[in-house]
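Work through the exercises below with the sequence and the model at hand. Each task is followed by a solution in steps.

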Amino acid sequence: MKDMKKSKSKLSPVIIKKSFHTYSKSASSFWSAAEFDTSFGVGSNLDFTKLAATQRAIGNFVNIVTGKQIPVEFQNNDSSYTDGERVVIGTKIEGANFDPAVGLALHEGSHIAYTDFSMFKNASKLSNSPFSRYISDRIGTEAVFGLTESDYGTIKSLLNWIEDRRIDYKIYTIAPGYRMYYEAMYNKYFNDKVIDKALVVGEKCEETWDDYMFHIINFTNPNRKLSTLSKLREIWNEIDLKNISRLQNTYDALDVAIDVFQIMRETCKIKDLGEIDDLFNQNGLGDSNDDESNNESEGTEQPSEGSGSDGDGGSDGGEGSSDLDDDTDSSPDATNNDKLSNADQKKLEKAIQQQRDFINGQLKKVGRLNKQQSTLVSAMRESGTETRIVNTGREGGAINEVTTVVVKRVTKDVICAMPFLFVSNAADHIKGNVTNKYSTAHINEMNNVVTHGIILGKQLGNKLQLRNTDRTLKTTRLETGKIDRRLVAQLGYDNVNVFHRIVTDKFKNYFIHISIDASGSMSGDRIDQAIKSAVAIAQAASMTTGIRVQISLRGTSDMQGKSERCVTIYVYDSAKDKISKIRNIFKYLNVFGCTPEGIAFRSIEKDIKADAKGDELIFINYSDGAPSNIHGVGRSYNGIDFTRKVVNDMRSIGINVISYFISENAWESERKAFKTMYGPDAQFINPVNMTDVSKTMNTKFLEIAQ
């Protein structure tokens, strides 16, 4: 044993009690707002956007608690594990399952941060790994000669459990805000009253590997009974849970596992040497050479098994706590006549089987997504897709709240996963599997629109080139200022106006957000004109300094769910994207759904204000008519009035507005509605006439400068 094992810490290991059901709220309810909930719906009403947001939140939790950017992946089955480089979560995370899923992700992520996986790398068998070589050095060549692969598996299982205790204690103490997530995980996967009862009545009392492991993995249960097996108290003292913080790394934990194995080996029956594999075989903490090894790290979930009790809330169990008293049994007295009934025995076997299923990645497959749905959720998560709540009522009230969707970043993968928002069969075109001539023709046409827009943008850019130079004006022969050395000689002629002043005018930085109406009525020439004009502005801005441009499209879609929602897609941001993205992505843009107008503006209003970072902000709108109703608005909702209110609110927080009407032959009623919504900022011009566009933009620049 290492000397450090003798040191004592005043800190105590975590005791996770089976009391999470006593909380009236989930852990997430303490910080999540109305727009973030984990009620995803079922069947055709499944809300993929909320599911993606939840997955992204779980990933953020892991990164925060570990202080590392650890990839958290979600798959469409229920296998959850870590391979030392990433966390893979396959469990259902809806509703009450969210907190346990967070706990599981935190647990696995903490192992990446703090567990040494190198001892199992590049070894097809445990007996060929650095792990086995360390054991040989530890107990001697002669002693290790008789060890079987099963024995190595037993030591590794013990290591997994002890390492879990070490890691969980570390996270539980440095991040107390995450305790409820851990408690929820343990409660969901490992706590069962029948285990408590089995411990109380002294079940599993044979001197076998199986029975020893049952009691060891339940050491953190207050109902443990150390007198059940002859060597159990000795093992308890060897592990010394109360001072688990003395173990500083994985090899310290392995030292303890080896010592515990040797104690067990002295007393367990020879015929039971292989039984442990059936109960607790993990296939290695970090070996990722084959499919089985991907589940090995699921052994890191072992601490949950020892966390069950019917006591009060979770406790750290300070030094000297009765929960960790190493001198007396914590469980009530029980007579030999107290045995589990046949029904209880079946429940116990079921509980143990649930533990086995969890460890081996064979949890019951519930709530799984199919491959297409899983791809969609993954794309939403990676694209930063979020849901936003917009209140459409005049006086507030939840009855007028509608859920909107914002897709923050578009890539080709996102287009392939969300074909309902882009050109039909765009995915086939991207993947080189074109089968639809119409979609190809549409893509080619849109490509020409983009090319023309870039040409127009270069013309507009030339008109804006003056922004790249500072304008300096020197005024001389002043009574005050700095002395003009060329005029000093005139002081002898009673000329005291020998001062000058230099004034340098610099153009302000501007942030321009362009929002394009992508509703069905904009199809054809209208959407072409809007995109061409937006591309031109983006191209012109790229030729100047101090102008950042964002471009978004807005429409409505059910997002493969049941209810139609307002959807806003960010397709370009000059601060993050190059002009080449416009060439590569914009040809796949298309119209979708109806006109959400003010609802869409409200959903991104705070975002664009924050993105401007204090620069002058101009919001440019392209649309062809009045907004329509969408699912969730109240009976009194009026799209024109609501949009006018939103636009006025935008002006009040410093957002300058330009709104272009896209139609050559507008009805008078359409013009009136447009003016009602946008007031003096309504522009009825040809949006692809760069002279007209530059005039309206320069007018707005001058208006801002005043």
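The model is predicted, so local features need pLDDT of at least 70 and side-chain atom pairs count only at pLDDT 80 or more, while totals for chains, interfaces and linings use all residues. Residues are numbered from 1 along each chain as its sequence is written, and side-chain values use heavy atoms, with hydrogens and water left out.

**Exercise 1. State how many helices and strands the protein has, and what share of its residues is buried.**

Step 1. Helices (H or I, at least four residues) and strands (E, at least two) are DSSP runs, numbered from the N terminus. The protein has 22 helices and 14 strands.
Step 2. Buried means under 20% relative accessible area, exposed over 50%, and partly exposed in between (1.4 Å probe, protein chains only). Of the 706 residues, 55% count as buried.
Step 3. Contact means heavy atoms within 4.5 Å. Among contacts between residues at least 6 apart in sequence, 74% join residues at least 24 apart.

**Exercise 2. Describe how α8 and α9 cross, and which residues meet.**

Step 1. Axes are lines fitted to C-alpha atoms, for helices over the stretch in contact, and angles run from 0 to 180 degrees between N-to-C directions. The axes of α8 (residues 209-216) and α9 (residues 232-239) come within 11 Å and cross at roughly 45 degrees.
Step 2. Angles under 35 degrees count as roughly parallel, over 145 as roughly antiparallel, 65 to 115 as roughly perpendicular and the rest as oblique. The two helices are therefore oblique to each other.
Step 3. A crossing is left-handed if the near helix is turned anticlockwise from the far one by less than a right angle, and right-handed if clockwise. The crossing of α8 and α9 is right-handed.
Step 4. From α8, Tyr-212, His-215 and Ile-216 meet Leu-232, Ile-235 and Ile-239 of α9.

**Exercise 3. Identify which members of the largest nonpolar core touch the most other members.**

Step 1. A nonpolar core is a set of buried Ala, Val, Leu, Ile, Met, Phe, Trp, Tyr and Cys residues joined through side-chain atoms within 4.5 Å.
Step 2. The largest core has 67 residues, and Ile-514, Ile-516, Ile-551, Phe-586 and Tyr-622 touch the most other members. Helix α17 (residues 525-542) gives the most to this core, with 10 residues.
Step 3. A separate second core of 41 residues includes Leu-158, Trp-236, Met-264 and Cys-268.

**Exercise 4. Find where Asn-425 and Glu-597 lie, and give the phi of Asn-425 and of Glu-597.**

Step 1. Most residues other than glycine have a negative phi.
Step 2. Asn-425 has a positive phi of about 60 degrees. Asn-425 is in the loop between α14 (412-417) and α15 (426-430), and is partly exposed, with a relative accessible area of 26%.
Step 3. Glu-597 also has a positive phi, near 40 degrees. Glu-597 is in the loop between α18 (579-585) and α19 (598-612), and is buried, with a relative accessible area of 0%.
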